[in-house]
Amino acid sequence: MTMLWQRELPGADLVIRGARVLDPTEGIDATLEVRIDGGVIAQVAEKVDANEHRVIDAKGLVLAPAFVDPHVHLRTPGREDEETIASGTAAAAAGGYCAILAMPNTDPVVDSSATLGALVETARREAEIPTGFLAAITRGQRGEELTEMGELAETGAVAFSDDGVPVASAGLMRRALQYASITDRPLALHCEEPTLSRGGHVHEGRVAAELGFAGYPSIGESVAVERDLSLASFEGGRIHVLHLSAAESVDALRRARDAGVLASGEATPHHLVLTDDAVRSLDPNVKMNPPLRAERDRLALLEAVRDGTIEAIATDHAPHAAHEKDVPFEAAPFGVTGLETAFASLYVHLVKPGLLSLETLLERMSAGPARIFGLERPRIVAGAQANLVLLDLEREWTVGEQPFRSRSGNSWLLGAKLQGAVQMTLAAGSVVHE
Amino acid sequence: MIRLVTDDLRPPAGPPKRHLLSVADLTRDDVERLLGTARTFAASLERHVKKLPTLKGHLVVNLFYESSTRTSSSFELAAKRLSADTLTVKSAGSSVDKGESLKDTALTLGAYDPDVIVIRHPQIGAPQFVARVTDAHVVNAGDGKHQHPTQALLDLYTLQEECGSLEGLHVAIVGDVLHSRVARSLLQAFALVGIRTTLVGPPALLPRELPAETTTDIEAIRDADVVYVLRMQSERMGPGENYVPSLREYSARWGITPERLRPGQKVMHPGPMNRGVEIDSRVADSPDSLITNEVRSGLVVRMAVLYDVLTGGPVGVQALAAAEVA
């Protein structure tokens with residue numbers, strides 16, 4: 001059944017010539033030509049006929065499967081001043097994405113079929129790229145009563161999540177795992193033990209100790225990860241651990257996967273690039289939950305992305321109104337944007353220095369998240385729908401110089417110089433960005 | 001001392017402003033210059049007419065979002081002793097009560113073109129924020145659990161007056177280090193001038209990651225030249241906090257009593273004190289207590305800080321201060 005929605009767009013007729021075609025999952029890495037007829041990849045070969053199609057000279061560029069972001073906050077309904085489905089999906093298109101999944105911690109929370117149905121209708125009118133929705137695990141995300149997961153799945157929920165807050169009760173988590181099994185949808189979990197995180201703003205470590213911030217220790221995440229892995233193992237349920245930040249959590253996930261637990265995990269670009277040292281700037285745009293942690297945590301995440309323990313890179317794109325972030329650090333809300341900068345930030349900080357291969361990065365930004373959430377995998381083979389991104393790995397640009405497509409500008413990269421730009425995006429057969 | 005606060009995307013407007021935001025921004029030279037200036041002002045306060053014309057025509061705004069006796073009164077008096085105009089705004093009874101943001105309050109006060117804004121705020125980094133959104137020189141009078149740089153400077157001044165040289169002194173800081181901006185500022189200031197620091201207190205109130213010797217054993221204070229007692233913040237003792245089981249247990253294990261001190265061992269406290277909790281009255285009132293000296297130091301050190309942020313480098317300090325005091 002359909003789990004992604006977008007507005008109707010014409011299928012593209014295109015020929016892309018001269019690009020290095022790179023689809024790591026299909027084992028393709030060669031200079032090839034690609035013809036797209038009516039939004040469907042018709043031919044991938046050394047030489048294709050242009051017919052009457054528009055021809056794109058992509059010499060020196062990389063053509064890859066477009067990206068899938070499993071963790072986006074579209075702020076709709078409730079905070080359309082910060083993001084709408086139209087603006088968020090336009091930002092995603094500019095970032096090279098062909099599909100995104102939106103979190104349900106909106107106002108009201110997406111915890112009923114009626115709210116979800118209204119969102120689906122809006123997406124069919126406004127979404128520039130295919131968009132899916134997660135529904136809440138508990139009503140109002142209050143952690144007390146389960147949502148009607150059966151009906152929500154029928155209405156189109158991709159998965160269930162109380163992201164933003166943890167499911168604090170172990171007993172309720174067990175019931176959620178039991179009931180979600182009838183829907184064949186994973187639970188996407190924000191793992192945080194509130195009696196350990198205690199509203200901490202910053203990783204409990206040297207920086208928090210020196211600056212005086214209330215600390216959220218690594219174990220505040222990892223004991224919750226271990227609890228939920230144990231429950232998933234016991235119930236045979238499927239879980240996806242959101243925004244991993246601590247080395248201990250990564251170790252737990254790796255052990256559980258080795259033992260056959262149906263668990264996956266994701267990491268964000270900011271956790272893969274920054275450490276809590278960035279907080280010394282007191283810039284509210286490096287404040288997020290979970291917090292930036294120590295270098296050993298960052299390296300553990302990176303290793304897990306390399307070895308596949310972490311299958312997905314997710315932006316946790318969290319737009320906030322300018323006036324809400326233009327305050328002292330402690331008064332600012334958690335969250336940073338990321339859709340428009342994810343690829344370039346990881347290319348420049350991880351791929352260029354040789355810490356991560358381009359192939360692995362492309363896989364974790366596309367096939368990995370698609371696999372976890374049961375979405376069709378973007379791929380460059382004849383017969384597949386065109387979900388493609390054309391990347392210029394040489395082009396340098398400065399974040400914030402051009403206005404964001406997102407309605408919010410709370411980027412952790414504001415003013416940073418990046419290398420690697422999205423030249424063109426095709427999503428579900430249509431050109432959505434160029 | 002000099003700290004450039006700019007937005008990444010905005011070209012810096014004019015020369016950088018001098019602020020006192022954190023001890024971390026100070027050099028040893030800055031500290032020595034400030035203490036020297038404070039001594040000069042102390043001498044001027046010995047005279048019959050205590051007011052100096054130094055900052056005549058300047059406006060000093062005191063913006064206090066937290067209650068304060070010592071700090072707010074000494075900043076106000078320091079500004080007045082230097083002939084500056086002063087304006088004191090407390091959050092209670094101001095538009096802050098109506099939900100005005102720090103940005104708007106700062107912009108409003110900034111519209112009066114103050115030369116200095118002295119700010120105390122419960123949130124870390126509020127002074128840095130005000131320095132970014134206004135054109136004033138900003139002095140941090142305490143921001144959350146982060147910094148209280150003038151307290152550290154006045155404590156260095158007090159120690160120097162009492163002990164002469166600071167280099168090689170050993171100070172034990174006792175109590176709730178975790179929630180103490182005074183402890184954080186002191187730790188950096190002591191490191192700058194070569195004072196050895198030992199942190200002593202209950203396990204949950206001693207951050208593991210601070211760059212200092214730490215111990216839970218109160219006996220460790222015996223080795224120190226000076227015992228610096230921190231306020232036991234009663235709001236930390238609320239139900240469910242459990243940093244320590246009770247104030248009674250805290251006093252019994254870490255309270256500073258005459259029995260725990262060596263004869264002649266000096267005692268300091270930033271105030272306000274909880275007599276009978278972290279400090280025994282007999283200690284607070286003994287001749288070895290430097291607590292009222294600290295208050296007196298506060299005035300001259302804050303005069304020096306206001307003077308220094310407004311007039312700049314060491315040459316200016318020596319030349320001007322000498323001329324005016326003479």
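**Figure 1. Lining of the largest cavity in the predicted model.** Ten names make up the view, all from chain A: H317(A), T337(A), G338(A), L339(A), E340(A), T341(A), F404(A), S406(A), S408(A) and S411(A). By class, the lining has two nonpolar, seven polar and one charged residues. This is one of two cavities of 30 Å³ or more. A probe the size of a water molecule, rolled over the atoms, shows where empty space is left.

**Figure 2. Lining of the second largest cavity.** The volume here is about 30 Å³. D23(A), P24(A) and T25(A) are among the lining residues, as is P65(A). L362(A), E363(A), S366(A), A367(A) and P378(A) also line the second largest cavity. The lining divides into five nonpolar, two polar and two charged residues.

**Figure 3. Salt bridge between R371(A) and E363(A).** E363(A) counts as buried because its relative accessibility is 12%, under the 20% limit. R371(A) has a relative accessible area of 45%, so this residue is partly exposed.

**Figure 4. Salt bridge between E82(A) and R79(A) and the network around it.** The side chains of E82(A) and R79(A) meet at 3.3 Å, N to O. With a relative accessible area of 2%, E82(A) is buried. R79(A) is partly exposed, at 27% relative accessibility. Both residues belong to a network of salt bridges that also links R75(A), D81(A) and E324(A). Side chains of opposite charge can pair when their charged atoms come close.

**Figure 5. Salt bridge between D37(A) and R35(A).** The N to O distance in this pair is 3.0 Å. R35(A) is buried, because its relative accessible area of 13% is under 20%. D37(A) is partly exposed, with a relative accessible area of 27%. Over all chains, the model has 47 salt bridges.

**Figure 6. Salt bridge between K103(B) and D326(A).** This view moves to the contact between the chains. K103(B) comes from chain B and D326(A) from chain A, with their closest N and O atoms 2.4 Å apart. Three salt bridges are counted between chain A and chain B. By class, the side of chain A that touches chain B has 12 nonpolar, four polar and six charged residues.

**Figure 7. Contact between chain A and chain B.** Chain A contributes 22 residues and chain B contributes 23 residues. The two chains bury about 1,800 Å² between them. Of this area, 53% is on carbon and sulfur atoms. The size of an interface is often given as the accessible area lost when the parts come together. Six residue pairs are in polar contact between chain A and chain B, both residues being at pLDDT 80 or more.

How values were computed: Residues numbered from 1 in each chain as written. Chains lettered and ligands numbered in written order. Predicted model: local features only at pLDDT ≥ 70, side-chain atom pairs only at ≥ 80, totals over all residues. Heavy atoms only, no water. Contact = heavy atoms within 4.5 Å. Buried area = accessible area lost by both parts, 1.4 Å probe. Salt bridge = Lys/Arg side-chain N within 4 Å of Asp/Glu carboxyl O. Polar contact = N/O pair within 3.5 Å; in protein donor to acceptor, adjacent residues only side chain to side chain. Nonpolar A, V, L, I, M, F, W, Y, C, P; charged D, E, K, R; others polar. 1 Å grid on protein atoms, 1.4 Å probe; cavity = no way out; pocket = protein on both sides within 12 Å on 5 of 7 lines; lining within 4 Å. Points joined across faces, edges and corners; volume = space filled by probe spheres on them. Buried < 20%, exposed > 50% of the residue type's maximum accessible area, 1.4 Å probe, protein only.
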